[in-house]
Protein chains: 2
Amino acid sequence: MIEKGPEMKVMIVGGVAGGASCAARLRRLDERAEIVMIERGPYVSYANCGLPYHVGGVIEDEASLLIANPQLFRDQFAIDVRTHTEAISIEAKAKTVTLRDVTTGAERAEAYDKLVLSPGAVSVRPPLPGLDLPGIFHVRTVPDARAIRTWLAANAKGKRAVVIGGGFIGLEMVENLVHRGLDTTLIEMADQILVPLDVEQARPVEALLRQHGVTVVLGEGVTGFATNPSGAIDVATKSGTVYAADIVILALGVRPDTALAKSAGLAIGDRGGIKVDAHLRTSDPDIYAVGDAVEVRDIVTGTDTLLALAGPANRQGRIAADNIAGRSATFRGVQGSAIIGLFGTTVAWTGASEKTLRRLGRDDYEKIYLYPNHHARYYPGAKTISMKLLFAKSDGRILGAQAYGEDGVDRRIDVIATLIQKGGTVYDLEEAELCYAPQYGSAKDAANFAGMIAANVLRNDMPLAHWSVDHTSLLLDVREPSEIADYAVPGALSIPLKQLRARLSEIPRNRDIAVICRSGQRAYLATRILLQNGFTARTLSGGVLAVQQSAH
Amino acid sequence: MIEKGPEMKVMIVGGVAGGASCAARLRRLDERAEIVMIERGPYVSYANCGLPYHVGGVIEDEASLLIANPQLFRDQFAIDVRTHTEAISIEAKAKTVTLRDVTTGAERAEAYDKLVLSPGAVSVRPPLPGLDLPGIFHVRTVPDARAIRTWLAANAKGKRAVVIGGGFIGLEMVENLVHRGLDTTLIEMADQILVPLDVEQARPVEALLRQHGVTVVLGEGVTGFATNPSGAIDVATKSGTVYAADIVILALGVRPDTALAKSAGLAIGDRGGIKVDAHLRTSDPDIYAVGDAVEVRDIVTGTDTLLALAGPANRQGRIAADNIAGRSATFRGVQGSAIIGLFGTTVAWTGASEKTLRRLGRDDYEKIYLYPNHHARYYPGAKTISMKLLFAKSDGRILGAQAYGEDGVDRRIDVIATLIQKGGTVYDLEEAELCYAPQYGSAKDAANFAGMIAANVLRNDMPLAHWSVDHTSLLLDVREPSEIADYAVPGALSIPLKQLRARLSEIPRNRDIAVICRSGQRAYLATRILLQNGFTARTLSGGVLAVQQSAH
């Protein structure tokens, strides 16, 4: 029998991922605590990650998005759930929260012993003219999704959609609007979609969207909206182009909802999120904060960051509950594992991108590109995975990975994510013993290949060249003539690998040689032959496939 | 330019996974070495893992099983490949190998500086009467598969197959024979198929086979074969039952091929494999051995073991090459990650099984059963994964995992395999940041769930009960009446979770309570409620699903 301390009243503001997890966990740890969960919307614990698929009709039934309802929280967890209730201010000294009934507008203060803030993030809404016109929507809540479905049903003739913002929600909305038969235009301010990816890894995804009929407009800002004479919405842009739309989806990203935290005078971090310590305690020892609204430590870069993802929010909720229940639990930080499905393909990543490493001024890193099959080539249906791996030059520690393909992408990124979590190196990846049967992988798995190549680089067996930066070396193409006929590398000297040993005399000894083949494997062998024969040679990472990918 | 040592002659016996990897890697490291690769069969580097699928017609073209041919090894790698050549003895002192030309029978001795043995394993062939009758086949080589296909084509009326042995090859053959329309019987001597699995985890796989029309006979030994009057083969068994077959597949497992090693007087381990050190050097410093024929260290149990899998063989080949090329490389050992696909489902595991831990007398372990969805339940198509996780009671180190389901099994086992490799714990698994979008996983991923449950156990928040061992506790079923109507737990007291707090007085305080629900989640919450109210309560791991799984 556990010791009975004084009964404690815990108020949790926000009833979705972080808040709901915290409430349930806290109840399991403490039957005696009074737990109140406040939610301004009509629902708690709903599946906001599913909203685009509800719009698209993949998830047809709205009710299936409601993972748990207030009644369940009351019945199973004895939690006092109050929907349609907004916390409008915190009086930290008095330890009260002022609550407003959204329906009646009535306000009153309520006391707490411990407070948990899980307010989430709010959609970025730039002050653009016409932003509130009918037909312009966000996708944050169940009512948002319902409004879009209602609009699409009522405007069945309207066939043109403009989605603004090429992040997760924007792209998922693009797919789902295409799925519903709309002519869809994506407008993104950056010069690439999915900005957590490095640009060359985003290029094939942009190409995929175009293959599916999406008009992808990059590097373009939206300046405003207006109703045009036909009743549609004109989306005006910086370049002067106007895109007419029957529906507009705003997916410009989110920012932490810190209004409440600021009312309590809680510390806010440099990135604009609520500052918390490893126990998820804010600058007020009786107030915890979790989820999209808080700044978290990035375990790869060591910097503070914002990461609006459900997985970390859920784990944070549990950890805050542990601490409130008198345990000492710490959040280990985030590494930014993420995934998105698009038109039957998968894009996923974990850890730091190259652009992040560069922004932070890190130069102790190397990168490789590779294009392994997701399973044994001899088994029908093998698909190529486009992978980029980033690792520390000094000790081989894995820093990040990005992958794209039709199958097996999630699994390889999860393996690498797990290694990053444990401080693993490319040597660990090289030696990983993963499940292998021909319909699942290869005896040397795609993930092993990434480790082997990177380890070859670090052991100095494979000096690397990169297409984007290397313009002075002599290019040596060791592919077969039939391959060169399909795609010739401009300016390259051609000696098929098979003939290389016999034709070394044709290669100048006074130049750096960058060896290229289809994906890098033959170029590596050629590099080894050249190095051992006294040449200065490097392998062009990812070969022709990497060159073509960047050029998409 | 690398230093040029004296030219070295390396002979590699065996040209499939380990041997071929070793040869290619060695060439990349040393352009000057003379490398001879000896293979008794007609092919090198062929896909033996694909053979059952070639029999089944999934891989229709035999040529696609030949990953690399001798010409490629000669042209690209300057390796002297000799197929149809058998190494029949090693004269270790003289450093020669006696080679026999399989075609002509001619023998001659050939010198080596370093020798690599990659002889693989041979099929177990018990001395049973009739073993050589026509229509009885092994599945080890491309000619084996060809012979089966030829037999099936020539005996198109024959519709009854008997497969003896329920390991990987046996089961893959079962699937492929069913795929070809044969009435298939599987006879296995053990009381379960897939003996690396714990028996309760094999049960649903056996049920699956039966659903697909396979006659599964467990605990039955074959005593001999005879031609019956109709021309078919009678398979006689210990129980006296005779199974008539038009084709018989022997898949009784393999044993290391150590004949050659013994001829050289090399040390053989207790498990019957060639003994090697961490550098994969045998008891003769100039002879290395890799692949199915060697004993390897199991990193989970610390014991020596045999593991006939292609992944480790490939990595061992590379490491032997490194050492021969003058580097110091070590093999980290194995953990036994494996996977098999059967009728659209996947079975996979990594690390130690419970039966192995028990056999070794380990008692510092606990186990949990769980049945999470492979992705968010609200996204269409969510499938249950049946998981068992084994971990150390003392420090939470993950010892092994077994999983079965229709989707997402490979990924979760690979994540756990990666953690095992890094000495990871259930606390790491609990906090793993895996890729999440609703069509790929859950905010709390199936793998996280395993970690969370195990961590709850180790933190003493969830004392565990197991159906198989627990027969004295009072069973408390906290499911809803509608669920109990579908499946009632014999002898259980029923109080739905929602009513538990109000009905505590109905529960005896002088008894151990084992709480059961569908999968364990509600039982955990009920356990927490009971414990905090002074009861002695435990959660029945895996709930009704675990009970039903064992009873299959």
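Which residue is the bridge partner of A:Ile339 in β22(A)? I started my notebook with that one, and the partner turns out to be A:Ala348. A reminder to myself: I am working with a predicted model.

**Entry 1: the sheet around that pair**

I stepped back to the strands themselves. β21(A) and strand β22 of chain A, residues 345-351, run antiparallel and are joined by five bridges.

**Entry 2: a loop residue**

Where does A:Ala382 sit? I located it in the loop between β23 (365-370) and β24 (385-392) of chain A. I noted A:Ala382 as partly exposed, because it has 18 C-beta neighbours inside 10 Å, and a residue needs 20 or more to be called buried.

For its contacts I set aside the neighbours within four places in sequence. That left A:Asn373, A:His374, A:His375, A:Ala376 and A:Arg377 in contact with A:Ala382. I checked A:Asp407 as well: it is 25 residues from A:Ala382 in sequence, and the C-alpha atoms of the two are 8.5 Å apart.

**Entry 3: domains of chain A**

I wrote down the domain assignment of chain A: domain 1 (9-122 + 255-324), domain 2 (136-252), domain 3 (338-458) and domain 4 (464-551). The centres of domain 1 and domain 2 of chain A, taken over C-alpha atoms, are 30 Å apart. Their contact takes 13 residues from domain 1 of chain A and 16 residues from domain 2 of chain A. On the domain 1 side I listed seven nonpolar residues, five polar and one charged.

**Entry 4: chain B against chain A**

How many residues does each chain give to the contact? I got 69 from chain B and 69 from chain A. On the chain B side, elements giving two or more residues include α1 (17-29), α8 (310-324), β21 (338-342) and α15 (521-532) of chain B. The largest share of that side, nine residues, comes from α10(B). By residue type, I noted 38 nonpolar, 15 polar and 16 charged on the side of chain B that touches chain A.

Technical notes. Residues numbered from 1 in each chain as written. Chains lettered and ligands numbered in written order. Predicted model: local features only at pLDDT ≥ 70, side-chain atom pairs only at ≥ 80, totals over all residues. Domains from an automatic or database assignment. Contact = placed C-beta atoms within 7 Å. Nonpolar A, V, L, I, M, F, W, Y, C, P; charged D, E, K, R; others polar. Helix = DSSP H or I, 4+ residues; strand = E, 2+ residues; numbered from the N terminus. Buried ≥ 20, exposed ≤ 12 C-beta atoms within 10 Å, placed from the backbone. Pairing = 2+ DSSP bridges.
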